[in-house]
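Subject: Structure handover

Hi,

Here is the structure I promised to pass along. My notes follow below it.

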Amino acid sequence: MAVGKNKRLTKGKKGGKKKVVDPFARKDWYDLKAPAVFTQRHVGKTLVSRTQGTKIASEGLKGRVYEVSLADLNRDEDQAFRKMKLRCEDVQGRACLTNFYGMDFTTDKLRSLVRKWFTLIEAHVDVKTTDNYVLRLFCIAFTKKRPNQLKKTSYAQTSQIRQIRKKMMEIMTKEASSCDLKELVLKFIPDSIGKEIEKACTGIYPLQNVSIRKVKMLKMPKFDIAKLMELHGDITADEVGAKVERPAEKAEKTEEAAAS
């Protein structure tokens with residue numbers, strides 16, 4: 001090797017070693033609060049970077065969508081196949097106040113319903129609630145064997161399918177447009193709309209496993225804090241703004257105690 005070349009081999013690295021900082025040290029935990037229509041109000045926790053300069057923590061939380069199983073929200077394992085979407089609307093102290101944002105079925109439940117020898121009928125409709133939420137409801141239904149039926153298959157004719165679909169859309173529109181979002185969520189939980197459709201369509205063709213399988217939020221009205229607080233009821237003072245001791249503060253306190 002030529003003398004005088006590669007001078008940097010003897011010296012240390014340029015700029016020195018960068019200090020590794022744990023990214024979680026700069027983050028805070030917030031509690032998620034579900035609306036009062038559900039039994040279990042405390043859903044879980046969420047992380048967000050601490051307020052720094054113009055970047056405010058609460059702004060980073062607003063608009064986040066969380067997917068929670070209805071089994072956890074209502075403490076009922078029979079409803080595990082239903083997934084609820086909750087959207088963070090406002091932050092009060094350390095609590096994120098959420099509102100209903102949509103609903104879906106788990107994939108395994110949907111797959112278990114679909115089977116041979118029966119007709120699958122689907123319909124969807126856009127509805128507007130009394131408090132100006134625009135939702136898209138998706139309905140699913142399956143034909144079933146008539147009493148004492150010997151035939152292996154239970155297929156509905158195209159004209160019957162059209163009639164059933166029309167009936168589905170009528171009932172979904174009627175049920176959803178006559179109530180507000182809170183009342184509509186209370187209809188989704190026991191699936192009362194599905195039962196109504198099943199009853200109404202018996203004369204056309206007997207149906208089974210009729211459900212509102214999915215709900216999509218299309219449009220929301222202007223944010224109103226009073227309505228959100230009404231939806232959540234009273235939030236106890238001890239839940240809001242509770243001081244959380246950080247590891248750095250804990251270490252400082254121990255040092256002070258040791259010095260004294």
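How much space lies in the largest pocket? About 450 Å³. This is a predicted model, in which local features need pLDDT of at least 70 and side-chain atom pairs count only at pLDDT 80 or more, while totals for chains, interfaces and linings use all residues. Residues are numbered from 1 along each chain as its sequence is written, and side-chain values use heavy atoms, without hydrogens and water.

A pocket here is an open set of points on a 1 Å grid over the protein atoms alone where a 1.4 Å probe fits, with protein on both sides within 12 Å along at least five of seven lines; lining residues have an atom within 4 Å of a point. The volume is the space filled by probe spheres set on the points, joined across faces, edges and corners.

The largest pocket has 20 lining residues, with N99, D131, Y133, K227 and L228 nearest its centre. The largest share, four residues, comes from α7 (helices are DSSP runs of H or I, at least four residues; strands are E, at least two).

Now to helix α6 (residues 192–201), where I193, G194, I197 and C201 are buried (under 20% relative accessible area, 1.4 Å probe, protein chains only; exposed is over 50%). These residues cover an arc of only 100° around the axis, so they sit on the same side of α6 (the arc uses directions from the helix axis to the C-beta atoms). The face turned away carries the exposed K195 and K199.

Best wishes
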